[in-house]
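Student: I would like to learn how to read a structure that is new to me. Could we go through it together?

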Amino acid sequence: MGLALTELTVSHFRSHKLARLSLDGRPVAIHGPNGAGKTNILEAVSLFSPGRGMRRASAAEMTRRPEGLGWKLSGLLRAQGQNFEVETWSEGGAARQVRIDGKAASQIDLGKLARIVWLIPSMDRLWIEGAEGRRRFLDRIALSFDPSHAESSLTYEKAMRERNRLLKDQVRDAHWYTALEGHMAETGHRINTARLASLDHLRAAQEQAETAFPSAELELVQTEGTMPDTVDDLREALHESRFRDLAAGRTLVGPHRSDLYGVFAAKGVPAKDCSTGEQKALLVSLILSNARALAGMVGAPPIVLLDEVAAHLDAARRAALYDEICALGAQAWMTGTGPELFAELGERAQTLVVTDGEAGSVVRA
Ligand SMILES: Nc1ncnc2c1ncn2[C@@H]1O[C@H](COP(=O)(O)OP(=O)(O)OP(=O)(O)O)[C@@H](O)[C@H]1O
């Protein structure tokens, strides 16, 4: 068995008061009516990777109402041929903490053990909406390849926020800028390199795989100007941009101005102009490529979370998705409103049924 959660306890987390799940490593098909608490389980699993989880919610938002005292997720993770006891929790809305085998650990430590990727309904408009969503999508992929990408992003954003504050306040003291630009150049360059490397991994995985899903041609572009390709050039560009940035009241150069451009390869059509179904198929294709590339890199496929994906695929594509997930050997957690959406999986998956009970969500095998 590759990477998998074999036990999961969800406590005081969103609609779940207490859910104890035993998993056997097969894909997990979760069905139940709307609002029952299916996505909440996937969100819980996503919190075993660095960051705010798949809904980007605050720790306080995820605390079960009305109690509001905090939440806890614990599990047994099968990774690298061993079992790890993993825990993450938040008390009273405070920043979440992590423990591995009873010892305090960082989110990045956990991310190195539990590679987790996801596809969620809000990504359906990925190619149509703003560049920020596409950068975030690519950054999640980069983070799955290298969990320390999360740290680079946080450090860069913190320094940029500081610099933007100086720009807004029209501070002209060069010393302040020089120090911040040094940090931004180093972390910004690391972010850009990780994004480009991620695209290379995806391209290689797309080329090597036999898949029923369309491939995407992907390119990292700048919304304006160019992205300097060395630390020194980025530092220089930030320095040179100071007057322009003072006028704009924000930083105009750097990896926060990058965008992911995608083309439906077989037709040569930009992803944003493809049909809804084609856009979904492209996303599935990218997540499968991400999973394949990770399997090649770390020796095991990631845990894959697919929220409401089955319902949006026709029967042939759905069957192909299940075949590809099973061939990869990934523990995929999938949600849908009814069992018929998982019929093609048969015994290859484990089924959980979630219903809305008086004391919150109820999960049964
Ligand atoms: N902090 C919270 N405390 C208690 N309940 C919450 C909290 N956050 C969300 N919920 C409840 O969780 C439910 C939604 O759960 P979830 O999104 O998992 O549903 P779902 O089964 O995936 O539904 P759908 O099929 O409609 O997507 C809603 O009833 C919502 O009110």
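Student: In which loop does Gln80 lie?

Tutor: Helices (H or I, at least four residues) and strands (E, at least two) are DSSP runs, numbered from the N terminus, and Gln80 lies in the loop between β4 and β5 (82-91). Residues are numbered from 1 along each chain as its sequence is written. This is a predicted model, in which local features need pLDDT of at least 70 and side-chain atom pairs count only at pLDDT 80 or more, while totals for chains, interfaces and linings use all residues.

Student: What is the phi of Gln80, and is Gln80 buried, partly exposed or exposed?

Tutor: A residue is buried if 20 or more other C-beta atoms, placed from the backbone, lie within 10 Å of its own, exposed if 12 or fewer, and partly exposed in between. Gln80, which is not a glycine, has a positive phi near 50 degrees, and because 13 other C-beta atoms lie within 10 Å, Gln80 is partly exposed.

Student: Where is Arg14, and why does Arg14 count as buried?

Tutor: Arg14 is placed in the loop between β1 (4-13) and β2 (16-22), and Arg14 counts as buried because 22 other C-beta atoms lie within 10 Å. Although Arg14 is not a glycine, its phi is positive, at about 50 degrees.

Student: Which peptide bond is cis?

Tutor: The bond from Arg65 to Pro66 is cis, with omega near 0 degrees, and Pro66 belongs to the loop between α2 (59-62) and β4 (70-79).
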